[in-house]
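I opened this notebook to record what I looked up, entry by entry, in the structure shown below.

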Amino acid sequence: MSAILAARGLKAFYGQIEALHGVDFEVEEGGVTALLGANGAGKTTTLRAISAMIRREGNLEFRGKRMTARAPEDVARLGVAHVPDGRGTFTDLTVEENLRLGAYVRRDRAAVKADFQRIFGYFPRLAERIHQQAGTLSGGEQQMLAISRALLLKPSLLLLDEPSFGLAPLVVAEIFRILRAINESEGVSILIVEQNANLALDLATRAYLLETGRVVVGGAASAIRADDSVRRAYLGY
Amino acid sequence: MAVRLAWGLALAFAISSPFWMSGYHLYQFSQVLIYAIALLGLNLLTGYNGQLSLGHGAFFAIGGYGAAILIVKFGLPFWLAIPIASAVCFVAGFLFGFPALRFGGLYLALATFALAVAAPQLLAFKGIDFLTGGSQGLQVPKPGALLGLPMTTDQSVFWLCLIAAVALFVIAGNLVRGRFGRALVAIRDHPIAAESMGVNAALYKTICFGVSALYAGVAGGLDAVAVGFVSPESFGLALSLAFLVGIVVGGLASIGGVLFGALFIEFVPNYADQLTVYFGENAKALPGAVYGLLMILMMAAAPMGIAGLLRSLARASGLRSQ
Amino acid sequence: MVELFHQLASGLALGGVYAITALALVMIFQATQLVNFAQGEMAMFSTYIAWWLMQNGWDYWQAFGVTVVFSFVGGVVIERVVVRPFAQAPVLASVIVFIGLSFIFNALAGFFFGYSVQSFDTPFDGRPWFGNKFMSAHESGSVVVSLVVLALVFAFFRFTPLGLAMRAAAQNPASARLVGVRVGWMLALGWGLAAAIGAVAGMMAAPIVYLDPNMMGGILLYAFAGAVLGGIDNPWGAVFGGFTVGIAENLLGAYVVGEEVKLSVALIIIIGVLVAKPSGLFGRRIVARV
Ligand SMILES: Nc1ncnc2c1ncn2[C@@H]1O[C@H](COP(=O)(O)OP(=O)(O)OP(=O)(O)O)[C@@H](O)[C@H]1O
Ligand SMILES: [Mg+2]
């Protein structure tokens with residue numbers, strides 16, 4: 001397996017408090033890697049550390065090179081798109097403006113235009129609501145908007161923080177179907193954080209289990225799913 | 001210990017000064033005491049309670065004009081006029097503090113800024129010029145010798161300011177060390193926690209505003225008597241901002257610090273004035289430049305002002321404060 | 001009746017100045033929840049630059065252009081050097097720093113250009129088609145300039161990617177950074193824009209109120225009143241408020257309170273709005289960053 005992103009001894013801090021105590025993991029190039037764990041395990045923190053939203057220590061390699069970017073905007077410019085915890089909607093802006101912001105760093109205008117169309121293919125609902133104020137979208141629609149915004153960066157790596165949060169089962173299934181399509185047809189590597197382990201392990205090729213800022217198990221998604229003791233102890237089903 | 005010593009020395013200096021200082025210097029130190037009282041009031045409000053006022057010059061003006069009117073138009077002696085004017089200030093401050101509760105820090109700054117800018121025009125307002133003398137202002141008779149003792153006008157003014165200052169410093173010191181002061185600080189730092197512990201924040205804040213205005217009023221009243229004159233132009237935005245400079249330089253939330261602040265805003269413009277000899281008229285710009293630079297540098301490097309610097313110095317040299 | 005229209009029209013002229021100044025204030029407020037108390041003195045200093053250039057033989061519009069550019073750069077530099085270090089500081093510290101800045105600009109202007117009152121040229125004199133029965137040539141020209149500035153600013157924020165990025169940065173900085181917006185620079189740009197707008201405001205006001213280091217005190221106060229009236233987090237509201245205050249100031253000054261206490265109109269508006277409806281006419285909420 002080749003890794004698009006590899007963390008070695010990654011630590012992360014909120015102020016002086018260490019929230020991630022040196023974790024190792026790899027995100028498979030072209031695959032879907034899942035980060036699982038209970039509330040407060042450090043999943044969101046891991047994504048924030050990758051995006052340099054918080055202070056981090058240790059080694060992060062992106063496409064074989066040490067990631068030196070020190071600010072979220074630089075990480076984004078490397079082609080890492082982050083759908084944050086809480087969706088990060090620009091609530092006062094229109095749907096269209098939110099999407100245009102997704103493509104903010106791109107200069108290939110024609111390709112951006114084509115990407116808009118492709119995204120409307122995935123999420124026709126956004127096309128219908130293009131001039132609506134984004135804050136008035138439903139939760140599911142905002143999640144679609146957040147994913148679309150991230151895709152418009154034309155990322156090579158997509159970080160997703162609980163895309164199923166607060167959504168009806170049907171909408172979740174829809175979103176996961178589209179995520180799979182994005183991964184398979186566009187070759188975007190995905191690192192996904194999920195509470196819903198079952199769902200994530202369906203989509204993922206690899207998975208890691210976090211507990212209080214440490215990785216406790218990691219490996220092929222199928223192996224983790226098959227391991228009864230892990231399932232009982234950490235995934236609770 | 002060090003602090004007691006410093007207070008003692010300052011007091012000794014002050015008490016001795018009428019006996020050896022020239023009239024003009026004594027007058028300057030009277031001004032320092034007057035500013036110190038006003039700064040004390042502002043610091044109670046802004047430093048201890050975190051309510052930013054950019055308009056304390058207006059309360060100073062109410063004290064000054066109030067005293068002047070009572071003395072000139074109603075023939076009251078200054079020792080009655082100043083307390084009455086200060087009481088009026090307390091009420092004015094309390095009333096202003098009341099709506100101020102509804103708007104947070106920034107809006108209070110805006111409202112008081114407006115007060116400071118509008119004050120000179122209001123003081124010169126034609127409708128009340130039979131009281132205020134309009135844009136001409138009012139001439140106030142200076143006090144004669146106190147208690148029939150042989151002294152010059154400058155000396156009696158100085159004693160007056162010193163007595164008032166000592167009393168007001170002691171009161172303020174006791175206030176901030178007691179329940180009231182702890183409540184003010186708690187409201188400043190942890191407004192929600194303070195409320196939930198049963199502190200009536202609204203009441204404390206308005207009373208604090210009133211007390212703060214009262215201090216400014218006493219200072220204004222003394223100023224009217226010391227200068228012998230009140231006029232609208234002397235109570236503009238510049239005065240209000242000078243007060244802010246004073247507490248920032250001296251030290252936010254410090255009682256002793258306001259003495260440094262007062263010395264600063266009295267003497268910096270004075271010395272700058274003397275520099276006009278070398279730099280021409282435009283040296284008038286110097287105090288403003290110094291004020292501005294110091295305010296920014298202080299906020300960056302010494303947010304607790306000179307008092308804070310001295311405190312850390314004393315701690316570093318092993319002297320225990322208090 | 002003619003007199004009434006005349007008062008209304010002059011209110012409109014200074015109202016335009018208040019409106020664009022209020023707009024500049026609101027821009028900074030939206031991004032930082034702070035009001036720039038140095039906005040007035042920065043504008044005054046810019047106006048002196050234009051004056052100085054013209055004293056040295058520059059043509060009005062050349063001096064105008066150079067001043068606007070200079071002010072823009074100055075605003076960016078001030079944000080980077082002076083304002084940025086206090087980004088995490090309490091409101092009190094920030095306001096003190098802004099007051100410090102205004103002291104410095106006031107002093108700089110006094111030191112370099114002196115304290116005597118100067119008259120300031122207007123490009124609109126001697127062009128009768130700008131003049132009309134109710135307004136002087138400069139007044140109508142200045143209304144036009146204010147409207148052009150407003151149109152440009154709104155077009156910039158509405159139609160350009162950079163304007164969109166600035167709005168995003170002001171609204172949700174964390175999210176803006178995740179899409180690659182350099183939020184720090186957006187703030188600096190905002191200061192640059194605000195300073196440039198301020199320069200225009202100063203140059204439009206100077207022929208009316210005359211140029212001296214304290215010329216902007218009253219104007220800033222009226223702009224505050226306009227911003228508070230319209231809602232300090234709403235650019236359209238600020239513009240509306242600015243024009244309204246300009247007209248109210250003139251009418252009340254002429255017919256109700258008297259010319260000499262016109263500034264109290266601003267005081268009354270500010271306190272009245274804060275007491276009755278703190279969010280202003282069109283504001284969304286009152287942001288209490290105590
Ligand atoms: N902004 C913050 N400041 C301080 N501590 C934080 C902050 N955000 C998270 N933490 C702490 O870091 C730890 C990890 O939190 P994190 O948000 O990464 O958990 P999570 O795995 O995403 O949980 P959840 O499934 O509930 O989203 C927790 O102990 C949390 O309290
Ligand atoms: Mg989380």
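**Entry 1: a helix pair in chain B**

I began with helix H3 (residues 56-72) of chain B and helix H4 (residues 78-100) of chain B, whose axes come within 8 Å and cross at roughly 145 degrees; I keep in mind that this is a predicted model. I noted both angle and distance because two packed helices are described by the angle between their axes and the distance between the axes. I then looked up the hand of the crossing of H3(B) and H4(B), and it is right-handed.

Next I listed who meets whom: H3(B) contributes Phe59(B), Ile62(B), Gly63(B), Gly66(B), Ala67(B), Leu70(B) and Ile71(B), while the partners in H4(B) include Phe78(B), Ala81(B), Ile82(B), Val88(B), Cys89(B), Gly93(B) and Phe96(B). Sorted by class, this contact of H3(B) with H4(B) holds 14 nonpolar and 3 polar residues, and no charged ones.

I turned to ligand 1 and found 13 residues around it, of which Gly40(A), Lys43(A), Thr44(A), Thr45(A) and Gln195(A) come nearest. The shell around ligand 1 divides into 4 nonpolar, 6 polar and 3 charged residues, and helix H1 (residues 43-50) of chain A gives the most to that shell, with 4 residues.

I looked up polar pairs involving oxygen atoms of ligand 1: a polar side-chain atom of Lys43(A) lies 2.7 Å from one, a side-chain N or O atom of Asn39(A) is 2.8 Å from one, and a polar side-chain atom of Glu162(A) lies 3.3 Å from one. Taken alone, ligand 1 exposes 640 Å², and the protein buries 59% of that.

**Entry 2: the chains**

Chain A and chain B, by comparison, are joined by no contact, and their closest C-alpha atoms lie 20 Å apart.

Note on methods. Residues numbered from 1 in each chain as written. Chains lettered and ligands numbered in written order. Predicted model: local features only at pLDDT ≥ 70, side-chain atom pairs only at ≥ 80, totals over all residues. Heavy atoms only, no water. Axes fitted to C-alpha atoms, helices over the stretch in contact; angles between N-to-C directions. Helix = DSSP H or I, 4+ residues; strand = E, 2+ residues; numbered from the N terminus. Left-handed = near helix turned anticlockwise from the far one by under 90°. Contact = heavy atoms within 4.5 Å. Nonpolar A, V, L, I, M, F, W, Y, C, P; charged D, E, K, R; others polar. Near = heavy atom within 4 Å. Polar contact = N/O pair within 3.5 Å; in protein donor to acceptor, adjacent residues only side chain to side chain. Areas by Shrake-Rupley, 256 points an atom, 1.4 Å probe, with all protein chains shown as cover.
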